[in-house]
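Visitor: I am new to this structure and would like to learn how to read its features one at a time. Could you take me through a few of them?

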Amino acid sequence: PSVIESVSAHYGYSTRTDLDNNGKVGEVAVNHGDATISARLPLDQNTLFTFGVDYSVNSLDRAAGTPLPSQLSSVALDLGVKHKFSDEWGGSLSVSPGFYGDSQSFNSDSFTAPVRLLATFKQSDTLGWIFGGEYDAFADMAFVPVVILNWQADAQWMFSLGFPRSSIRYQATDKLTLRTEASSERTSYRINDNPAPAPLPNLGHTYLDYREIRVGVGADYAL
């Protein structure tokens, strides 16, 4: 019946590897960090308003001469509405207006507002669908579809299969859940300054797509 708040933070590191562009043009490692503060507020029995702030930074550890900026960062609002239309159908619309750029000194060219529109369909008590798409004006592929099948096979096994995220969960005990996951994340940034030394092409006033694909295992324990 009231605002429910949450705070989360993540860190990830990828070791230095070759950067290719019709051949090797450098080496780069990535330090990724993000933090989110979010809340939700019921508007009525079937409608939920969500809001928050998200900050993300990718520090790029580059070999000398690598044509990439030293940092990709973003700061944005997370605004959304979820609505239940019937016992079977629901939907959500979210937008993340903010600055997505190659440094902490953002300008108006770094402003954009990625949008996600999703519909949910409950086919049965154990089977449901999520489908829709994401739109980002900065991205090379501006629109990306979202299709996910959720299947509760039994009391212990839960399958979530699709794009951009899939997972298999096993309820080992009342408090312990084991899981394996695969996910694809994307963020696109405006490059204002030219990070490429001569004679490489001038990359200033262009856009850079950051893509991350992860496969892993994990465990959740309820204290």
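Guide: Let us begin with a term: helices (H or I, at least four residues) and strands (E, at least two) are DSSP runs, numbered from the N terminus. In this structure, Ala 219 lies in strand 14. The model is a predicted one, in which local features need pLDDT of at least 70 and side-chain atom pairs count only at pLDDT 80 or more, while totals for chains, interfaces and linings use all residues. Residues are numbered from 1 along each chain as its sequence is written, and side-chain values use heavy atoms, with hydrogens and water left out.

Visitor: Is Ala 219 buried or exposed, or something in between?

Guide: Buried means under 20% relative accessible area, exposed over 50%, and partly exposed in between (1.4 Å probe, protein chains only). Ala 219 has a relative accessible area of 47%, so this residue counts as partly exposed. Its C-alpha atom is separated by 23 Å from that of Glu 5, which is 214 residues apart from Ala 219 along the chain.

Visitor: Where is Thr 36 placed, and which residues does Thr 36 touch?

Guide: Thr 36 belongs to strand 2, which covers residues 24–42, and it is buried because its relative accessible area is 15%. Contact means heavy atoms within 4.5 Å; not counting residues up to four places away in sequence, Thr 36 touches Ser 6, Val 7, Ser 8, Val 53, Asp 54 and Asp 78. With Asp 54 there is also a side-chain polar contact of 2.6 Å, a polar contact being a pair of N or O atoms within 3.5 Å, where within protein one must be able to donate a hydrogen and the other to accept it, and residues adjacent in sequence count only if both atoms are side-chain atoms.

Visitor: How should I read the pairing of strands, and which strand forms a hairpin with strand 10?

Guide: Two strands pair if DSSP finds at least two bridges between them. Strand 9 (residues 127–135) and strand 10 (residues 143–152) are antiparallel partners over 9 bridges, and here Gly 133 stands opposite Pro 145 in strand 10. Strand 10 also pairs with strand 11 (residues 157–163), in the antiparallel sense over 6 bridges, and Ile 148 has Gly 162 in strand 11 as its bridge partner. Strand 10 and strand 11 form a hairpin, with 4 residues between them.
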